[in-house]
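I opened my notebook to look up a few local features here. These are my entries, in the order I made them.

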Amino acid sequence: DGYNEAMNSSSWCVGQKFCFVDPCNCNEADVAASNYFPADRNSGAAAYYSFAKCGGVNLWKTDQCAAFDSEGTCTSDSACMWDADAEEEVPTPPPTPAPQCVFKTGADLMKGLRSSWGCDASAPLPTSCPCLGTNKQPNFTCPTSGLKWKPAAGEMCVNAVVDRKKGWETGDAIMSASYGASCYSPNHETSSLVCTRTHPDQTEFGVPAGSCSELYGDGYNEAMDSDTWCAGQMFCFVDPCNCNEVDIAVSNYFPSAKNHGVSAYYSFAACGGVNLWKTDHCADLAGEQTCGADAACMWSTTTTTSEPGMCKFKSGDALMRALRKSWGCSASAPMPTSCPCL
């Protein structure tokens, strides 16, 4: 009778789960507008969904967009985009793909950043973000003296480059090898001036401001909570090619130049935290050149002040904001760290 009750007539019809989500409260990269429930049929309100939220893959949109054979018909669907970089198919093997209409999601915005990290372009985007269990630095036994903090007996340490003087001037330091290996509150900023200073005017790590030792002690705050970002937010080091969080950033503490060209990447969102440290750090860098010298920061000319520009934290989060803006999400709202079904 022309009706297949199994409803499995195409590959995308079965096996993949999805649900409708609020695009402004979802951290999955495959969010897309529904063609089944168009905005013009619902007082202008579009419906958005995600397969990744339910552990699925969006085969429906991939098939649907691929069926559009011209740029005009492709771009008339807001969830598709025309791939102009592909070449016409040639008769000699191996054939190259013809220009075709492909599904457009937040995942496409992440590809450029993932390419800069050296990720395999052909690999599927990850659907989770596990901690590495290490900060990828060479370990050595912690020294028994000469440190402001007190390592446990037999504890392993790593070398780091940390803020040691006022104005984020960095210097060599020794930190615990467990730093960032797994999710925990980063109140282990043992060697940071900003986190351990005992007075805002203190200019150097471990050196008290002035001579008021009665007020400011030895210039080292053992609670390591001298700034808001120093405590309360969890993070861990991750593999940027195996992480679906959009706040991934390269570590300033462990620069690649100090570790045979190997960079260390971390995420607060992987642990349910928010990166307050980079926001504060980048905002303190004055001038476009100084800002651009930090791989984790970017110069922004869109500010709410009369200043010509300011330095802001740069991560995958920045690539998602353009898409979120098109969905009508608040530009000032923090990026979501989960994706509940509606």
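I started at Asp-163, which I found in strand β7, residues 156–165 (strands are DSSP runs of E, at least two residues, and helices runs of H or I, at least four, numbered from the N terminus). This is a predicted model, where local features need pLDDT of at least 70, side-chain atom pairs count only at pLDDT 80 or more, and totals for chains, interfaces and linings use all residues. Residues are numbered from 1 along each chain as its sequence is written, and side-chain values use heavy atoms, with hydrogens and water left out.

Asp-163 is buried (under 20% relative accessible area, 1.4 Å probe, protein chains only). I looked for a salt bridge (a side-chain nitrogen of Lys or Arg within 4 Å of a carboxyl oxygen of Asp or Glu) and found none; Arg-197, the nearest side chain of opposite charge, is 7.0 Å away.

What does the side chain of Asp-163 join in a polar contact? I found the side chain of Ser-192, at 2.9 Å (a polar contact is a pair of N or O atoms within 3.5 Å, one able to donate a hydrogen and the other to accept it; residues adjacent in sequence count only if both atoms are side-chain atoms). I also noted the backbone nitrogen of Val-194, 3.0 Å from a polar atom of the Asp-163 side chain.

Next I turned to helix α1, residues 59–66, where Trp-60, Lys-61, Gln-64 and Cys-65 are buried. Seen down the axis, the buried residues of α1 fall within an arc of 115° (taken from the directions from the helix axis to the C-beta atoms), so they line one face of the helix.

Methods
Buried < 20%, exposed > 50% of the residue type's maximum accessible area, 1.4 Å probe, protein only. Lys, Arg positive; Asp, Glu negative; His and termini not counted.
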